[in-house]
Amino acid sequence: MKCYCTENCICERENVLSTVNDLYNKCSSCFNKTFKKAIPLKRQIKLSKLDKNYGLCEVCKKRHIDIVMAHVLKIMIEEKQISDSASIRKVGVPLITPAIHLNYLPYLSRKTLVVITKFCDKQTANRIIKEIPEIKAIIKGDTDITIGKLDENKSINFYELLAGCDIRCDIQNSDFGPILIYKNQSKLHIEYPKKESPKIKQLSEILDKYEKPTVLDAMCGPGTLGIYALKKNAKKVVFNDIYNEALDSLKINLKVNSINETDYEIFNENLLNLPNLIEYKFDIGIIDSFPNIDTSNYLKNLKKICNEVVII
């Protein structure tokens, strides 16, 4: 996993968790005016007023996410990347980093927002990074298209990193503590941390049936489920993914979450080939595929080396 800047984008677990709960809160002095997302921005403010100081709190130095996105839109309009009648909603998908489950819209500090958009070129992206302190990266991509390697028969989908550094951290809470997942967002699929993850809850119920199970996380991605299994009660987890970028992220996440090297192995194989490569049996096999992928062959193959297979 590559970092494209000189800053410390991959931080120690304790350092991240010690600050994240207050990171997006506003203070009593924060600027409270925001914009309507569906109304053209030019009908709400004179664009020339939008600069890095507009809406900036003099005390905590944060700005509301809608003001930051309005600033991005202003530059896109000026660079003729998007219609001058566009609203904030048209800009793209904003992703905070580090990301936690929030019940409110965040107030942003420096380098805490990655934006995925269809309406930008490199020149505009570099200007956004230069002029808007809160922006960490601009990525060109269509979020209706899933990125990564969907299965062994499909080509790899990437977004394009236009400017900045797209390393993000998602923090998913669990009953065994927060799990930190780092990734290059232009190369791995988007996930949104939830107050309670349905995937983790489902896996937890399976793990409860065993004292110290062995687990095969057969489509592991950046590692969330396998890491959770080790934190809960798994004796050993074998992580497997056909996509190299996912495994690069996994290796970082195993270290960040303090997983003992003796407790896991990593494979980079087609899931359908695993029964020919692994001679022993697992208690549990996990299939966590992308949406709309036929998992019937995966299930059939994993049953050869797993006593129980769960499709997440």
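Helices (H or I, at least four residues) and strands (E, at least two) are DSSP runs, numbered from the N terminus. By that count, the protein chain has 8 helices and 15 strands. The model is predicted. A search of the whole structure finds 0 disulfides and 5 aromatic pairs.

**Overall form**

- The protein chain has 312 residues and a radius of gyration of 21 Å.
- Along the principal axes, the C-alpha atoms fill a box of roughly 65 × 40 × 35 Å.

**Burial, surface and contacts**

- Of the 312 residues, 53% count as buried.
- The accessible surface of the protein chain is about 15100 Å². Carbon and sulfur atoms account for 47% of that surface.
- Take the contacts between residues at least 6 apart in sequence: 66% of them join residues at least 24 apart.

- Cysteine 9 is in no disulfide, and its nearest cysteine sulfur, that of cysteine 5, is 3.3 Å away. A disulfide needs the two sulfur atoms within 2.5 Å.
- Cysteine 9 counts as buried because its relative accessibility is 13%, and the cut-off for buried is under 20%.
- For cysteine 60, the closest cysteine sulfur is in cysteine 30. The two sulfurs are 3.4 Å apart, which is too far for a bond.
- Cysteine 60 has 24% relative accessibility, so this residue counts as partly exposed.

**Aromatic rings**

- A pair of aromatic rings is described by the distance of the centres and the angle of the planes.
- The whole structure holds 5 aromatic pairs. One of them joins phenylalanine 239 and tyrosine 264, with ring centres 6.2 Å apart. Their planes stand at 80°, so the pair is edge-to-face; the cut-off for that class is over 60 degrees.
- This pair links distant parts of the chain. Phenylalanine 239 lies in strand E12 (residues 236-240), and tyrosine 264 lies in strand E13 (residues 264-267). The two residues are 25 apart in the chain.
- Phenylalanine 239 and tyrosine 264 are both buried.
- Elsewhere, one aromatic cluster is formed by Phe31, Phe35 and Tyr54.

Definitions and conventions. Residues are numbered from 1 along each chain as its sequence is written. This is a predicted model: local features need pLDDT of at least 70, side-chain atom pairs count only at pLDDT 80 or more; totals for chains, interfaces and linings use all residues. Side-chain values use heavy atoms; hydrogens and water are left out. Buried means under 20% relative accessible area, exposed over 50%, partly exposed in between (1.4 Å probe, protein chains only). Rings of Phe, Tyr and Trp (its six-membered ring) pair if their centres lie within 6.5 Å; planes under 30 degrees apart count as stacked, over 60 as edge-to-face and the rest as tilted. The radius of gyration is taken over C-alpha atoms; the globule rule is 2.2 Å times the number of residues to the power 0.38. Contact means heavy atoms within 4.5 Å. Accessible areas come from the Shrake-Rupley method with a 1.4 Å probe; for residues, only the protein chains shown count as cover.
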